[in-house]
Amino acid sequence: MNSNPSQLRLRCRHLLIAPLLLASSASFADVSPALDRFDLSLGGYYANTDTTIGAGVRSGQFSAKGDVNLERDLGFEDHKTVPRVKLDFLIGDHQGFSFDYFSINRSRTKTLSDDISYGGNDYDASASVRGKLDFDFGSAAYRWWFGSGNDVFGLGIGAAYYRVRAGISGIATLDGESAQASTSYSETAGAPLLQLGWRHAFNDSLRMYFDASGVKKNGGDLNGHIYNAALGLEWYPWKNLGFGAEYAYTRIKLNDEQDSYNANLDLKLHGPSAFVKFRF
């Protein structure tokens with residue numbers, strides 16, 4: 001039986017494409033049941049907070065420093081709901097990207113019950129003082145997942161970005177005179193990030209995970225470290241929509257060293273989180 005050249009080309013093309021389609025289907029089937037090709041988590045972190053901010057001024061041989069605990073000294077609530085967004089997606093079967101973002105914005109005005117010092121200013125008891133702290137954290141990492149069964153282990157390397165704004169204002173006393181005073185600082189920085197992870201699938205609807213990450217920055221004006229660890233469960237009553245719950249601990253310790261001033265932030269967060277999760 002004779003075939004014209006166009007029919008031969010069409011058959012050859014089908015023979016070439018078929019193995020690629022089969023390989024692609026096999027590749028998709030090899031993804032561990034503990035992973036999703038696309039996973040978006042939207043939720044809140046109901047954290048117990050312990051926050052200390054410090055600021056000092058430098059002028060020649062003179063240096064003045066003061067630390068203020070926001071919860072103890074300024075009456076900030078010791079619980080704070082922090083919005084959080086996480087995104088993971090795979091490229092292939094065992095590699096992909098991971099993104100994380102959360103923001104803390106807090107402010108409060110209080111009449112002091114004890115004297116405090118901050119940024120070279122002394123605020124006496126009975127003075128009205130306003131404190132403010134804004135902190136933003138975002139990270140992006142490339143992840144490798146090892147294993148293909150119900151348990152997989154992950155390693156991620158990437159970068160983190162953080163921004164700190166902190167300040168105190170109110171009626172301060174200097175040499176027996178009272179006047180309005182304010183001390184604030186704002187700084188942004190980036191740093192390398194390391195992530196570790198574990199995923200376990202009980203079945204297609206119920207999974208457990210553990211995540212740990214660390215950011216450490218040495219040198220430069222802003223330096224310090226950020227550590228985070230979380231243990232959680234995921235439940236998918238529907239194929240693409242589910243819920244997540246985790247308990248996490250976060251420690252943020254940063255120092256901002258400048259020629260004219262120095263500042264620091266020591267923030268501890270721990271508590272439960274809840275997420276609405278979308279997977280595909």
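Author: Let us begin with burial. A residue is called buried when its relative accessible area is under 20%, exposed when it is over 50%, and partly exposed in between. The model shown is a predicted one. By that cut-off Phe102 counts as buried, because its relative accessible area is 3%.

Reader: What share of the 280 residues is buried?

Author: Buried residues make up 42% of the protein's 280 residues. The protein exposes about 14,600 Å², and carbon and sulfur atoms supply 59% of that area.

Reader: How many helices and strands does the protein have?

Author: There are two helices and 13 strands. Of the contacts between residues at least 6 apart in sequence, 65% join residues at least 24 apart.

Reader: How is empty space inside a protein found?

Author: A probe the size of a water molecule is rolled over the atoms, and this shows where empty space is left. In this model, a search of the whole structure gives three cavities of 30 Å³ or more. The largest cavity has a volume of about 460 Å³.

Reader: Which residues lie nearest the centre of the largest cavity?

Author: Its lining consists of 33 residues, and those nearest the centre are Asp88, Ser98, Arg143, Arg199 and Asp211. By class, the lining has 13 nonpolar, seven polar and 13 charged residues. Several strands supply at least two lining residues each, among them E3 (79-90), E4 (95-111), E7 (128-146) and E9 (177-201).

Reader: What lines the second largest cavity?

Author: The second largest cavity holds about 40 Å³ of space. Its lining includes Arg84, Phe102, Phe137, Leu193 and Ser213. Five nonpolar, three polar and one charged residues make up this lining.

Reader: Phe102 and Phe137 have now been named together. How are aromatic pairs read?

Author: Two aromatic rings count as a pair if their centres lie within 6.5 Å. The count in this model comes to ten aromatic pairs. Phe102 and Phe137 form a tilted pair, with 5.4 Å from centre to centre and 35° between the planes. The pair links distant parts of the chain, since Phe102 is in strand E4 and Phe137 in strand E7, 35 residues apart. Phe137 is buried, with a relative accessible area of 5%.

Tyr142 and Trp144 form an edge-to-face pair, with centres 5.1 Å apart and planes at 70°. Tyr142 is partly exposed at 23% relative accessible area, and Trp144 is partly exposed at 31%.

Reader: What does the backbone angle phi tell us, and where is a positive value found in a residue other than glycine?

Author: Most residues other than glycine have a negative phi. In this model, Ser126 has a phi near 85°, a positive value. Ser126 is placed in the loop between strand E6 (121-123) and E7.

Reader: Is Ser126 buried or exposed?

Author: Ser126 is exposed, because its relative accessible area of 60% is over 50%.

Key. Residues numbered from 1 in each chain as written. Predicted model: local features only at pLDDT ≥ 70, side-chain atom pairs only at ≥ 80, totals over all residues. Heavy atoms only, no water. 1 Å grid on protein atoms, 1.4 Å probe; cavity = no way out; pocket = protein on both sides within 12 Å on 5 of 7 lines; lining within 4 Å. Points joined across faces, edges and corners; volume = space filled by probe spheres on them. Helix = DSSP H or I, 4+ residues; strand = E, 2+ residues; numbered from the N terminus. Nonpolar A, V, L, I, M, F, W, Y, C, P; charged D, E, K, R; others polar. Buried < 20%, exposed > 50% of the residue type's maximum accessible area, 1.4 Å probe, protein only. Contact = heavy atoms within 4.5 Å. Areas by Shrake-Rupley, 256 points an atom, 1.4 Å probe, with all protein chains shown as cover. Phe/Tyr/Trp six-rings, centres within 6.5 Å; stacked < 30°, edge-to-face > 60°.
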